[in-house]
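Q: Please take a close look at the charged side chains in this structure. Tell me where they sit and what lies around them.

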Amino acid sequence: MNDIKQTTEVLGRAQLFHGIAEGTLAKIAGIADHREYDEGDALYQLGDTADDIFVLVKGRVRFTLGVSNRPESGHSIMTGRMVIGWAALVEDQPRRVATAVCLEPSTVIAVNGKQLLDILAEDAAAGFVVMRRLASMIARNFMT
């Protein structure tokens, strides 16, 4: 699935990007990287540099939020079309605040956070929608 059109379609079905203009999705697809992981592989770990966000295309990922000195304070299972790694979209948040480990072979679309923010700055309506959804995702992760 390295085709821009296919990647655009997958991104458009992701919770964070649903309903965003196709032209903006195509720009995001243009900077996307498809990655495959095996069971037990970590997408990232608590404290890693937060460069990319990930759209889970296939598989299941355990997301374990680390808070303060409790590295495993809470977790959830992520499935298809969910977005993982939102710290890459938060300015001045250079490190991961969670660990994400594949529970089975998984495919993700990785998107560089800085480049994504640049694309969203060009389309203010899309940027507003994405950041509002991002705020909801963050609130859910820290409130539950």
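A: A search of the whole structure finds five salt bridges. A salt bridge here is a side-chain nitrogen of Lys or Arg within 4 Å of a carboxyl oxygen of Asp or Glu. The model is predicted, so local features need pLDDT of at least 70 and side-chain atom pairs count only at pLDDT 80 or more, while totals for chains, interfaces and linings use all residues. Residues are numbered from 1 along each chain as its sequence is written, and side-chain values use heavy atoms, with hydrogens and water left out.

First, some orientation. The chain has four helices and eight strands. Helices (H or I, at least four residues) and strands (E, at least two) are DSSP runs, numbered from the N terminus. Read from that end, the order is α-α-β-β-β-β-β-β-β-β-α-α. Of the 144 residues in the chain, 41% are buried. Buried means under 20% relative accessible area, exposed over 50%, and partly exposed in between (1.4 Å probe, protein chains only).

Start with Glu122. Glu122 forms a salt bridge with Lys27. Their closest N and O atoms are 3.0 Å apart. This pair links distant parts of the chain. Glu122 belongs to helix α3 (residues 113-122), Lys27 to helix α2 (residues 22-30), and 95 residues separate them. Glu122 is exposed, at a relative accessible area of 58%. Lys27 is partly exposed, at 44%.

Next comes Arg60. Arg60 makes a salt bridge with Glu104, and 3.1 Å separates the closest N and O atoms. Arg60 lies in the loop between β3 and β4 (61-67), and Glu104 in the loop between β7 and β8, so the pair ties together parts that are 44 residues apart in sequence. Arg60 has 34% relative accessibility and counts as partly exposed. Glu104 is partly exposed too, with a relative accessible area of 27%.

Now turn to Arg35. Arg35 and Asp33 meet through their side chains in a salt bridge, at 2.9 Å from N to O. Arg35 is partly exposed at 25% relative accessibility, and Asp33 is partly exposed at 36%. Asp52 joins in: Asp33, Arg35 and Asp52 are linked in a network of salt bridges.

Strands come next. Four strands form an open sheet in the order β1-β8-β3-β6, with antiparallel pairing. Two strands pair if DSSP finds at least two bridges between them. β1 (32-37) and β6 stand at the edges, each with a single partner strand, so one side of each has no neighbour in the sheet. β1 and β8 pair in the antiparallel sense over six bridges. There, His34 has Ile109 in β8 as its bridge partner.

On to β3. β3 pairs with strand β8 (residues 106-112), again in the antiparallel sense, over six bridges. Leu56 has Val108 in β8 as its bridge partner. Lys58 has Thr107 in β8. Six of the seven residues of β8 are buried, so β8 is largely enclosed by the rest of the structure.

What of a charged side chain without a salt bridge? Arg96 is such a case. Arg96 is buried yet has no salt bridge. The nearest side chain of opposite charge is Asp52, 5.9 Å away. Lys and Arg count as positive and Asp and Glu as negative; His and the chain ends are not counted. Arg96 lies in the loop between β6 (83-84) and β7 (98-102).

The charged end of Arg96 sits over the ring of Tyr44, 4.1 Å from the ring centre. For this, NZ of Lys or CZ of Arg must be within 6 Å of the ring centre and within 35 degrees of the ring normal.

The structure holds one aromatic pair. The rings of Tyr44 and Phe54 have centres 6.0 Å apart and planes at 20 degrees, so the pair is stacked. The pair links distant parts of the chain: Tyr44 is in strand β2 (residues 42-44) and Phe54 in strand β3 (residues 52-58), ten residues apart. Rings of Phe, Tyr and Trp (its six-membered ring) pair if their centres lie within 6.5 Å; planes under 30 degrees apart count as stacked, over 60 as edge-to-face and the rest as tilted. Both Tyr44 and Phe54 are buried.

Last, β2 itself. β2 and β7 pair in the antiparallel sense over two bridges. Ala42 stands opposite Val101 in β7. β7 is mostly covered, with four of its five residues buried.
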